[in-house]
Amino acid sequence: MIKNIKNYSLEELKDELKKIDEKPYRAEQIYEWIYKKKVESFEEMTNLSIDLRNKLNTNFNMGLFKIVKKLESSDGTKKYLFDINDNKGNLIETVLMQYHHGYTICVSSQIGCRMGCKFCASTGIKFERGLTAGEIVEQILAIENDTGVTISNIVFMGIGEPLDNYENVMSAIKILNSPKGLNIGARHISISTSGIVPMIYKLADEKLQCTLSVSLHSSNNKKRSEMMPINNSYPIEELMKACKYYIKKTNKRISFEYALAKDNNDNLQDAKDLIKLLKGMLAHVNLIPINNIEDGKYIKSTNENIMKFRDYLNDNGIVATIRRELRFRYKCCVWSVKKTKFVILKRGGNS
Ligand code: SF4
């Protein structure tokens, strides 16, 4: 079977090369071509013998994506729809954002998502599978090759629940992290979760320096369960215990995502409950101004309300900021703007 060469960490690739009777040190050369020189074919790896290049072609592929569609907004944000070339017609979305500190990419971790958050556009997408490490890494390479920019930050906030594809996400982080790979420090990688408690403990024990971003959206179990079914399995008390464990193990601040929906979770009592929940924790609250959802269940809070909510948190010792509104809404910040959203996730759909 032909394998995606981008699925392998450097050490794993050395083992793969041994299996085809090649010297392990060749793995470093191959890594250099893929992740530093960013070539897209084995033929371009000119310091490898033709014999080795032929062997690579027989045993591996480069896991390249095809850009199906690209949207670009006036603020420099680019949203890509990729054909991931898995012979099943699966497509995924990736977003490139430009900030003053550099370029950030928002990667997908699964094809579809099982979590069923009520406010999320991914909920309508049939879950197929988790992306492989190579498919996660390729999102970065494909966009760097298309734009010529160097990506400095990665957020796992695209389609899918990263902790529901734990092993592959960890393998991808290893490749992203490796000085011989893309050399993106763990501090520049952020993992978002809807709150899969056992996996938060597992992640904490990895002692990676990644930022953990938890989609909270309410401090009230009833309201949170309505928005996020995962809360029925792992209610807020259990989630908070896991978050405290993560902070203790990593000494890293957790970012709590809180999407404000009018008359749902944006009143003074909600702010008070949130303060009570997070008081004393190494935490930051990221307030998200949501867009109206098409069935009208969750409506955007007024700007005045959003600012009041933020100020109330800040005045009471909880650091809170309002997320910049990007033109393309996406997954946890989905609440998609209809005219800019890709609605095809399978070939042959509508766009
Ligand atoms: S918000 Fe995240 S976890 Fe929830 S359904 Fe959407 S992609 Fe899945």
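**Close-up views of a predicted model**

View 1. Strand E6 (residues 102-106) pairs with strand E9 (residues 151-156) in the parallel sense, over four bridges. The model shown here and in every view below is predicted. Tyr103 has Ile151 of E9 as its bridge partner. E9 also runs parallel to strand E10 (residues 189-193), joined to it by three bridges. On that side, Val155 stands opposite Ser190 of E10. Between the two strands comes helix H5 (residues 166-177): E9, H5 and E10 form a right-handed β-α-β unit.

**View 2. Ile105 in strand E6.** Ile105 sits in E6. Is Ile105 buried or exposed? It is buried, because 23 other C-beta atoms lie within 10 Å and the cut-off for burial is 20 or more. Setting aside neighbours within four places in sequence, Ile105 contacts Thr94, Leu96, Gln139, Ile140, Ile143, Ile151 and Ile154. Among these contacts, Ile151 is also the bridge partner of Tyr103. Met157 is 52 residues away from Ile105 along the chain, yet their C-alpha atoms are separated by 9.2 Å.

**View 3. Helix H9, end to end.** Helix H9 covers residues 236-250. Leu239, Ala242, Cys243, Tyr246 and Thr250 are buried in H9. Why do they line one face of the helix? Viewed down the axis of H9, the buried residues fall within an arc of 100°, so they share one face. An α-helix has 3.6 residues a turn, so residues three or four places apart point the same way. The face turned away from the buried side carries the exposed residues Glu237 and Lys248.

**View 4. Packing around H9.** What do the buried residues of H9 pack against? Their partners are helix H6 (197-206), strand E11 (211-215) and strand E12 (254-260). Just after H9, Asn251 takes a positive phi of about 60°.

**View 5. Tyr201 in helix H6.** Tyr201 lies in H6. It is partly exposed, with 14 other C-beta atoms within 10 Å. Not counting residues up to four places away in sequence, Tyr201 touches Ala242 and Tyr245. Ala242 is one of the buried residues of H9. Lys19 is 182 residues from Tyr201 along the chain, and their C-alpha atoms are separated by 35 Å.

View 6. Lys38 is not a glycine, but its phi is positive, about 55°. Its loop runs between helix H2 (26-36) and helix H3 (50-59). Lys38 counts as partly exposed, with 13 C-beta neighbours inside 10 Å. Asn183 is not a glycine either, and has a positive phi of about 55°. Where is Asn183? It lies in the loop between H5 and E10. Asn183 counts as exposed because it has 11 C-beta neighbours inside 10 Å, and the exposed class takes 12 or fewer.

**View 7. Confidence along the chain.** The chain has a mean pLDDT of 90, and 90% of its residues reach 70 or more. Residues 327-351 have pLDDT below 50. That stretch has 58 contacts in the model beyond near neighbours in sequence. Where pLDDT is low, the predicted coordinates should not be read in detail.

Note on methods
Residues numbered from 1 in each chain as written. Predicted model: local features only at pLDDT ≥ 70, side-chain atom pairs only at ≥ 80, totals over all residues. Pairing = 2+ DSSP bridges. Right-handed = clockwise from strand over helix to strand, strands pointing away. pLDDT = per-residue confidence, 0-100. Contact = placed C-beta atoms within 7 Å. Expected span 1.5 Å × (residues − 1). Arc of directions from axis to C-beta.
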